[in-house]
Amino acid sequence: MQLRYSFRMYPNGPQRLALARAFGCSRVVYNDALRARETARTAGLPFVTSAELSKQVTAAKKTEERAWLGEVSAVVLQQSLRDLDTAYRNFFDSLKSKRPRMGAPRFKSRKDIRQAVRFTANARWKITTGGDLSLPKIGDVRVKWSRTLPSTPSTVTVVKDAAGRYFCSFVVETGQDETLPKATPEVGIDLGLTHFAILSDGTKIDSPRFLRRAEKKLKREQRRLSRKAKGSNNRTKARIKVARAHAQVADARREFHHQLSTKLIRENQAVAVEDLAVKGLARTRMAKSIHDAGWSSFLTMLEYKAVRYGRGFHRIGRFEPTSQVCSQCGIKDGPKPLNIRVWECRACGAVLDRDINAAVNVAKAAGLAVSACRARVRPELVPAQREEAGTHRDGQSTVVGIPSL
């Protein structure tokens, strides 16, 4: 299984300039290649192959207008052409319905919020004994290593995000056998907004609401940005502050998702979730809260960690009436508005917590062996019949409705 590991980089001044030069050269090669293919398409000429584009890049280095392309590693330029091929391949596959619909490749801008270059093994990059990342024509860059790579990577991608931070990203193969010891519990998960996750065992995990908590700071920084003159250095500084505030929110949410998903996978042999229509829910009045929760990324983490550690992962259909069915007797009691959090089953009299009941039904729909006993808030008190309580007229005492012998 392939996983991506990302680490924070701290280049110095000259190294930042060298990386900016590499970003720019990679972008120019990408745009030149895209322009060549679009020109050929407009003129009705055959599709320009990658080999022809590579020859054009080599020839451009010898011209006066593009001589500065030789100041960066040639591998970076060739990988930019590979990225263009991937963009075209994805576009053609979307036209054939092999993947979700996506647009044609577009030109890159130096104002894009994300810049990236990739180095392969041919570039002879390496990790030094001191823990630095040695990149060709850039130097030894200091890296904050938070963990050990499970295997030796063949490529490294250097990324600069909107907040001006630098990261090095590695795609590596995981270990041969990372299967965790078998665990007994199996759990169903119902995702929500008031509580981020409700488990079928009755556990409720509060929603951190990272975006809501940071709204005051975000509004302040965005107001300051709106007052700056366009094209000024002060506007660039204010934009970076806004990007950093958003990055802090995204990082905190991602860390929460990782910790919770890892905990659930380690403690349970199988997990079951509902296939949510997040795009549809994001078009409602609860859009901000739904985006703040980040359900899609959390479910993605759960799925790949279950595969990695040998756990079961099940998705049930989004049209399964988990909130309408009593987990005690299985009777469908009909839809209920969102303000009803506790309801009573008209068939068996059980008073159920809406969210826990839904989590139990998610687990049952996935075929997991879970108990529905904890979905009940309290049993409904059924009044005893007159002939079953107290003392009979004949003087024969009773205990809990059963005549004593």
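This is a short tour of the structure, one selection at a time. The model is predicted.

**Stop 1: the largest nonpolar core**

Select M9, F119, L133, L135 and F170. Among the 44 residues of the largest nonpolar core, these five touch the most other members.

Sequence neighbours within four places are left aside here. L133 is then in contact with M9 and F170, and also with W125, K126, I127, G139, D140, V141, V143, V156 and C168.

**Stop 2**

Go back to helix α1 and pick Y30, which lies in it. Is Y30 buried or exposed? Y30 is buried, because its relative accessible area is 6%, and the cut-off for buried is under 20%. Beyond the residues up to four places away in sequence, Y30 is in contact with S80, D83, L84, A87, P105, R106 and K108. Y30 and D85 are 55 residues apart along the chain, yet their C-alpha atoms are separated by 10.0 Å.

Next, pick A36, also found in helix α1. Draw a line from A36 to L53. Which residues is A36 in contact with, leaving aside neighbours within four places in sequence? They are V48, L53 and Q56.

**Stop 3: the loop between β2 and β3**

Select the loop between β2 (115–119) and β3 (126–127), where T120 lies. T120 is buried, since its relative accessible area is 13%. Not counting residues up to four places away in sequence, T120 touches V75, Q79, W125, S154 and T155.

Now move to R124, in the loop between β2 and β3 as well. R124 counts as exposed, because its relative accessibility is 75%, and exposed means over 50%. Check its backbone too. R124 is not a glycine, but it has a positive phi of about 60°.

**Stop 4: into helix α4**

Select R209, in the loop between β10 (204–206) and α4. R209 is another residue to check for backbone angles: it has a positive phi of about 55° although it is not a glycine. R209 is partly exposed, with a relative accessible area of 41%.

Step into helix α4, residues 210–226. How far apart are its end C-alpha atoms? They are 23 Å apart, which agrees with the 24 Å that 17 residues should span at 1.5 Å a residue. Look along the helix for its kink. The kink is about 45° and is centred on K216.

Colour the buried residues of α4: F210, L211, A214, E215, L218, E221 and L225. Keep the helix repeat in mind as you look. An α-helix has 3.6 residues a turn, so residues three or four places apart point the same way. To see what covers the buried residues of α4, show α5 (233–267) and α7 (287–293), which are included in that cover.

**Stop 5: the largest pocket**

Now show the largest pocket, with a volume of about 1500 Å³. Its lining counts 37 residues. Select R4, Y5, S6, R254 and H258, which lie nearest the pocket centre. Which elements give two or more residues to the lining? They are β1 (2–10), β7 (166–173), α5 and α8 (295–308). The largest share, twelve residues, comes from α5.

**Stop 6: C326**

Finish at C326, in the loop between β12 (312–316) and β13 (342–344). C326 counts as buried, because its relative accessibility is 1%. Show its contacts, not counting residues up to four places away in sequence. C326 touches I331, W343, C345, C348, L352 and N357. Last, select V351. C326 and V351 are 25 residues apart in sequence and 9.4 Å apart in space, C-alpha to C-alpha.

Technical notes
Residues are numbered from 1 along each chain as its sequence is written. This is a predicted model: local features need pLDDT of at least 70, side-chain atom pairs count only at pLDDT 80 or more; totals for chains, interfaces and linings use all residues. Side-chain values use heavy atoms; hydrogens and water are left out. A nonpolar core is a set of buried Ala, Val, Leu, Ile, Met, Phe, Trp, Tyr and Cys residues joined through side-chain atoms within 4.5 Å. Buried means under 20% relative accessible area, exposed over 50%, partly exposed in between (1.4 Å probe, protein chains only). Contact means heavy atoms within 4.5 Å. Helices (H or I, at least four residues) and strands (E, at least two) are DSSP runs, numbered from the N terminus. The expected span of a helix is 1.5 Å times one less than its number of residues. The bend at a residue is the angle between axes fitted to the seven residues ending there and the seven starting there. On a 1 Å grid over the protein atoms alone, a cavity is a set of points where a 1.4 Å probe fits but cannot get out, and a pocket is an open set with protein on both sides within 12 Å along at least five of seven lines; lining residues have an atom within 4 Å of a point. Grid points are joined across faces, edges and corners, and a volume is the space filled by probe spheres set on the points.
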